[in-house]
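Me: I would like to go through some side chains and their contacts. Please show the sequence and the structure before we start.

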Amino acid sequence: MTEPAGKQLAGKQLRAIEVPFVAAGPSGVAIRDRLKALTPDDEQVLRVVGGHLGSLAARDLKRRCADGLAHSSQTWAARKRDLTGQSSSRWAGSITKASHDQWALARRGQLACIQSLEAGVRTLQHRLSLPLGEKGSKRAPGGYRTRHEWFAKSRRLAALTNRLERERADFTAGVVHVVRGGKRLLGTRHHLDEAKLTEQQWRERWETERWFLAADGESGKRHGNETIRVTPDGKVSIKLPAPLAHLANSTHGRYVLTARVTFAHRGAEWRDRVTANQAVAYRIHHDVQRGRWYLTASWQHPAVQAIPLETAPQPVLETLRANGMIGVDTNAGHFAAYRLDRHGNPIGSPRRFTYDLTGRATHRDAQLRHAITRLLHWAQQSGVAAIAIEDLDFAADKTREKHGHRKRFRQLISGIPTGKLKARLVSMAAGVGVSIVAVDPAYTSQWGAQHWQQPMAAPRRTLTRHDAASIAIARRALGHPIRRRTAPPPRRPERSSRASDRPGRTR
């Protein structure tokens with residue numbers, strides 16, 4: 001039984017509840033292996049080729065940014081034709097495609113910046129229009145507390161308005177700002193002492209990040225890639241650009257590396273693709289800090305659309321709900337999870353999977369992957385076929401202008417990794433055969449605490465609000481109402497004939 005689309009509760013109109021859906025699986029796969037036992041000649045060739053193609057990629061990106069909105073197939077063909085003579089047609093295709101992707105990424109980031117600035121300006125204008133000290137509501141913030149704060153925020157409004165006008169002008173004109181090598185690494189050049197780097201070490205990292213050693217795959221060609229070719233037994237060869245053909249150590253202007261790759265993860269799947277000559281893209285990367293070289297292979301899967309549970313075939317529903325489901329409530333610092341059977345009854349005790357999202361990006365990513373791995377292992381041991389999560393999006397709430405001085409609350413919202421969680425969880429769950437069901441997050445914490453927190457408490461088990469929310473999430477994904485049961489039938493004998501069964505009861 002599903003929940004009503006909208007209803008009255010204590011004189012309050014609740015918003016409509018969206019239909020749960022099965023999240024679409026990952027659209028691609030990327031695996032990596034280390035290039036071991038490279039000779040000094042191999043490393044020198046990779047450096048020369050990467051530097052040469054990197055300079056071509058930088059010039060092409062400059063031309064693509066200069067074209068802006070005036071870009072067309074004719075300008076693309078002209079850029080590719082100019083690059084072909086200095087590299088090859090396939091290298092030129094990979095470089096121009098990378099320039100398009102980089103320009104499009106900068107364009108999307110520019111649009112996101114504009115939307116964030118617009119949200120901040122709207123909030124500032126609203127709060128500045130209110131009297132000092134006026135309290136806010138649950139939906140909108142109130143006025144500022146002091147005249148000093150009001151004046152400071154009025155100056156900030158002027159600054160944000162100027163920034164918004166500049167961003168809008170650039171977006172309308174098609175102007176984007178891109179740094180090959182990364183803006184953060186470029187800024188590190190002025191803070192070498194804080195980064196504990198010498199100028200030579202920074203220069204080596206900067207040049208390495210600006211190399212270009214990536215080639216797109218092509219189905220029907222030998223082993224799925226003519227530019228960077230990897231045979232099923234792991235032999236790696238590179239098609240050298242025309243000006244560097246004298247460095248070849250094999251026929252047809254190719255250079256064969258002494259290193260061999262094995263791809264321990266998804267190696268069988270990769271080997272099947274290259275044996276069948278299906279497209280596989282490769283990228284060679286140098287880790288300056290460790291002094292290691294890596295080869296990354298990637299390919300795409302056919303696009304799969306998200307499946308709403310209301311329109312899903314009955315066999316799919318039976319498979320997903322046969323052994324129950326695990327509900328996951330996402331919080332800053334941990335996942336609260338509870339397992340439910342197919343009838344919506346909680347089984348066992350709640351689980352909590354903690355993570356620490358402080359420190360470097362690599363540490364945060366590793367913490368998140370470790371928490372998701374433990375969650376998936378528990379799902380496999382429990383025998384469930386699906387995990388239910390909330391379809392959260394805090395994009396409109398992360399602006400600092402909305403919550404003002406509530407710094408801890410802003411940090412709490414920003415600490416919930418909604419975007420990374422969905423991407424990581426869907427990708428990792430697909431690898432172990434577990435489906436992800438996304439549900440509407442409306443009222444899950446409120447109704448979970450109201451209907452499940454106290455009844456599920458025991459002398460040796462304390463149920464938190466987050467644990468109760470995970471039960472509500474799983475029940476919504478299973479198609480049951482969050483409420484444990486409807487109102488009991490009338491007790492009067494003369495009205496017992498008109499009493500109906502309680503549809504919200506679990507079996």
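Me: Is Arg 168 buried, partly exposed or exposed, and at what relative accessibility?
Reply: This is a predicted model, in which local features need pLDDT of at least 70, side-chain atom pairs count only at pLDDT 80 or more, and totals for chains, interfaces and linings use all residues. Residues are numbered from 1 along each chain as its sequence is written, and side-chain values use heavy atoms, with hydrogens and water left out. Buried means under 20% relative accessible area and exposed over 50%, with partly exposed in between (1.4 Å probe, protein chains only). Arg 168 therefore counts as partly exposed, at 40%.

Me: With which residue does Arg 168 meet in a salt bridge?
Reply: A salt bridge is a side-chain nitrogen of Lys or Arg within 4 Å of a carboxyl oxygen of Asp or Glu. The N to O distance here is 2.8 Å. The partner is partly exposed at 23% relative accessible area, and its name is Glu 118.

Me: How many residues apart in sequence are the parts that Arg 168 and Glu 118 tie together?
Reply: Helices are DSSP runs of H or I with at least four residues, strands are runs of E with at least two, and both are numbered from the N terminus. Arg 168 lies in helix 4 (residues 147-173) and Glu 118 in helix 3, so the pair ties together parts whose separation in sequence is 50 residues.

Me: What separates Asp 101 and Lys 97 in helix 3?
Reply: Their side chains meet in a salt bridge of 3.1 Å, N to O. Asp 101 is partly exposed at 40%, and Lys 97 is partly exposed at 39%. Because the two are 4 residues apart in helix 3 (residues 89-128), the separation is about one helical turn.

Me: Which side chain of opposite charge is nearest to Asp 33?
Reply: Asp 33 lies in strand 4 (residues 28-34) and is buried yet has no salt bridge. For charge, Lys and Arg count as positive and Asp and Glu as negative, while His and the chain ends are not counted. The nearest side chain of opposite charge is 6.3 Å away and belongs to Lys 36.

Me: Which residue has its backbone nitrogen 2.8 Å from a polar atom of the Asp 33 side chain?
Reply: Asp 33 touches Val 261, Phe 263, Tyr 294 and Leu 295, among others (contact means heavy atoms within 4.5 Å), not counting residues up to four places away in sequence. The backbone nitrogen in question belongs to Thr 262.

Notes. Polar contact = N/O pair within 3.5 Å; in protein donor to acceptor, adjacent residues only side chain to side chain.
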